[in-house]
Amino acid sequence: MVFTLVGAVTLGNLWLHIGGPPLGYSRYNGFGFSIDYSQRMTMREGDLGGYGPPTDSAGTVSWSRQDKELEQFGVFWVKPESLSTNMDMTPAGALDQLFGYIGISGTMIGERGEMETMTKDGHEVVYQTFTVEESGISIPGMIGAWYCEASGEYLMLYAVHVPDIYHPEIISQWVETIWLGHLATLTCP
Amino acid sequence: MTVDRLGFIDFARGLVMMLMAWDHVSGFWNQVHGGLEGIYAYRNPSLDFPLFMSRFITHFCAPTFIFLTGVSLALSVKKRLSRGDSQRDISLHIIKRGLVLLALAILLEAPAFDLPYLYFGVISCIGACLIIFSVYRRLPVMAILAVSLIIILNHQWLDLGFISMDAAWGHYLRRLIHEPGFTLSPYFSLYPIIPWLGVMGLGWVFGSYLHGIGKDRISKLKLPLVATGAASFALFFVVRYFNGYGNLVRRWSDDILDWLYLSKYPPDIAFLLWTLGGTCLFLALGLVIEDRGWSGRGLAGVVQTFGRVPLFFYLTHLWLYRLRLPGVPAPFYLDLPQTLGLWAVGLVVLWLLCSRYERLKRRYPRFLQYI
């Protein structure tokens, strides 16, 4: 009797949550993509420069969590018609233009690593490491971009991570793993 | 059937209290001590294997301690009932004990960790669970088993989003119920009530079972306990392998340390499978020691002494190992071997203090009944 009851409640919960985001996570749906994020993170939406609200043409949504550890990740989206016409209409070109926007918004980008490619749900993803320069510390990050035909936009996913903000000299060895984890949940229709 | 004090339970409790002392001495004096598993989604990569494991082995403490609180509570309640105490008196006694724990957490535990007095740690959690148990215990044992298992297997889906965190009371309430964290001072919490109530409930069920069988049958529990512990460990690996249900902290890679980086705050299924599996093995070891006649002698006797006066041990060890006034930071840090040395010396002092306190408690049982 006890085990029947416990089994029924647990299986019922499992069934209710099949296909949903993992435990402790919520799913963001909008602007042509979906991605899971931890419920412990704070979400912010805005335009590429960080001054106004996002639009269907371009924008960003980011999630961050900071106590002793700092983690931030987010997605940029931009339609090709919103890109500067003198830039390459490729994921790599979109990335270059994005770093330009980020520079305008006041974030200091340090080194950008070599661009590499991988495949995600049939899309070719261009990705690279980068650093954000903050108070003399280089915070490592990772970013990747691809073109989503279904939504007709470039999607760019980034992640930065500081394991211990009181010891920022400890360089995160997890940025790539964290980025890949978020990439796995990012889908465009 | 009434059973006297059970040495194997004291042994298991004493063993994890020694591990807990290691965790705290390490936290006080070792700068790179790990912690906050679950509040942090990723393990600290600066912790190498020995440092990571020196924290990991202490995970057995809180679950075993809280489980055995449930066991002892069940045995104590049955004993009081059998000697004719009224239900009302028993409930009042449990409530008083819970309130004493909450007061001690404010007065002695929080300042020992340099945390605000509203910090909800393991002592506060046990105090709150005891107050709940003063009423909850009246349910049939099978109902408590069902509720405990439902809590443990399902609490991960508990959505407290309907309680706004904008107001301080809402923030604190969520921290106390299910969402530990340190984001808004002074509303800090590490041991939320709901999941740990499930663990204490399992202890209550086990204690009720022990009460219902004789000492002879208790000594035959070795094999079932070992089998349960082994099954629990095996299930742990299954849950971690699938990396979904039962894991509040994802396994980000196949690195052994990622397999072992679990959510303690709050405790997820993987964490409880591992730690309560260990509890079963500690209890079985305690039974072996009793069978061999080693109980109360030598090292086993020292461990059992710690286990017989757990609250005194807990409060004393915090301040003994801290070795400085509240608010005073560590003047220097120790490396791992030095910390181990301090731990061992502290245990000797604690054994002397606990032995004396035990004698004192025997002499003044009424006066010292809550500690």
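Biologist: What makes the disulfide of A:Cys148 and A:Cys188 right-handed?

Modeller: The torsion about the S-S bond of A:Cys148 and A:Cys188 is about 105 degrees, so this disulfide is right-handed. The model is a predicted one, in which local features need pLDDT of at least 70 and side-chain atom pairs count only at pLDDT 80 or more, while totals for chains, interfaces and linings use all residues. Residues are numbered from 1 along each chain as its sequence is written, chains are lettered from A in the order in which they are written, and side-chain values use heavy atoms, with hydrogens and water left out.

Biologist: Why is the pair A:Cys148 and A:Cys188 called a disulfide?

Modeller: A disulfide is a pair of cysteine sulfur atoms within 2.5 Å, and because A:Cys148 and A:Cys188 are 2.1 Å apart, S to S, the pair meets that rule. By this rule the count over all chains comes to one disulfide.

Biologist: Why does A:Cys148 count as buried?

Modeller: Buried means under 20% relative accessible area, with exposed over 50% and partly exposed in between (1.4 Å probe, protein chains only). A:Cys148 has 0% relative accessibility, so this residue counts as buried, and A:Cys188, at 14%, counts as buried as well. In chain B, B:Cys61 is also buried, at 7% relative accessibility.
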